[in-house]
Amino acid sequence: MHHPENDPKYLGLNVNKGVVQPPSINPYLHLRKKQQRKEYSVKEFAEGILAGNITVLSQAVTLVESSKPEHQAMAQAIIEKCLPYSGNAIRVGITGVPGAGKSTSIDAFGMYLVEKGHKLAVLAIDPSSERTKGSILGDKTRMERLSVQENAFIRPSPSAGSLGGVARKTRETIVLCEAAGFDYIFVETVGVGQSETAVHSMVDFFLLIQLAGTGDELQGIKRGIMEMADGIVINKADGDNVEKAKMAQSQLRNALHLFPLPESEWSPEVLTYSGYYALGIEEVWDMIHRYIEFVKGSGYFDVRRNKQSKFWMYETINERLRNDFYQNAEIEQLMPLLESEVLSARKSSFVAAKEALDRYYSESKE
């Protein structure tokens, strides 16, 4: 192509040459493909987990959390191989109202254990957006010291609006973490009420974190959560808040006396501490260890774990039946028709439900 600016009469002009247009496809793409994540077999997964390989453990947990049938089948095979090596950790459930400082407290509690030479896994059920199903997964940012420790494994799991599924997956993740050699497991709840029941059914000690100086200390606490707690701790007992924390401690102790003695026959204790300043952390751990020693001595420790195993067997059956029902091709076609009949008042909810179940069972018999 002729460019007039290159004519001799325009010698005073300096024309810079253009750059070569880069290719539309990344030339290094073939190198990336070579560096893709290694595909492990079930045996390699199990061996890696038992050797304490965090990378392999993380990938196994990803399989557990996956909804793909092939991933679920592989995850169950891995769990089956790891199960004989699990059950040796102390499992602590941690709950509290939003803003109570759960993550800051876990950071302080966890650092105490790691500095004592223990290995800790933190399984945090993270709230998800109801609109996008996305999750902040911000626990690692709030556990600044713990997240960089070699002997700490922090795994946030988005709740994705499905508490039951996440709870079962958390239970399965506990098995893998224990097989990997972690001797303490923390399970942090979403803190929305219903999740407490699920977490209580998979831990040895259930810790409730409370705040002082926010009005009536007992208001807004569900009695059920108070009855589930094996210990209650009041956070932010520092500075000008120390007296308020002590007053809240007295009120909670009086309230606990009104409740019947729990099945473990352990009287829940109420302590004050400061997660931010790491004050009173040792006293909290002394309480937890006294409880573990008490229930192991009475035999309740094994009774509770056996009950939990039985509970999760039935929960898994219920979830599998529910998934099979809704993933049935004929049911998927039938449900929108039944919904429209219910919404137009041509059929009651109960009749529509019976019709769907009858269709499912009749197909199952064929």
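Buried here means under 20% relative accessible area, exposed means over 50%, and partly exposed is in between (1.4 Å probe, protein chains only). By that count, 42% of the protein's 366 residues are buried. This is a predicted model, where local features need pLDDT of at least 70 and side-chain atom pairs count only at pLDDT 80 or more, while totals for chains, interfaces and linings use all residues. Residues are numbered from 1 along each chain as its sequence is written, and side-chain values use heavy atoms, with hydrogens and water left out.

View 1. Helices (H or I, at least four residues) and strands (E, at least two) are DSSP runs, numbered from the N terminus. Contact means heavy atoms within 4.5 Å. Among contacts with a separation of 6 or more, 73% come from residues 24 or more positions apart.

**View 2. Here is H3, residues 54-65, with its cap.** H3 has 12 residues and spans 16 Å from first C-alpha to last, close to the 16 Å expected at 1.5 Å a residue (the expected span is 1.5 Å times one less than the number of residues). At the N-terminal end sits the cap, Asn-53, with a side-chain oxygen 3.0 Å from the backbone nitrogen of Thr-55. The buried residues of H3 are Val-56, Leu-57, Gln-59, Ala-60, Val-61, Leu-63 and Val-64.

**View 3. Arg-91 is part of strand S1, residues 90-96.** Its relative accessibility is 6%, so Arg-91 counts as buried.

**View 4. H11 (residues 281-298) packs against H5 (residues 102-115).** The angle is about 75° and the axes are 10 Å apart, so the two helices are roughly perpendicular (65 to 115 degrees; under 35 is roughly parallel, over 145 roughly antiparallel, the rest oblique). Axes are lines fitted to C-alpha atoms, for helices over the stretch in contact, and angles run from 0 to 180 degrees between N-to-C directions. Ala-108, Phe-109, Tyr-112 and Leu-113 of H5 meet Ile-281, Glu-282, Val-284 and Trp-285 of H11.

How values were computed:
A polar contact is a pair of N or O atoms within 3.5 Å; within protein, one must be able to donate a hydrogen and the other to accept it, and residues adjacent in sequence count only if both atoms are side-chain atoms.
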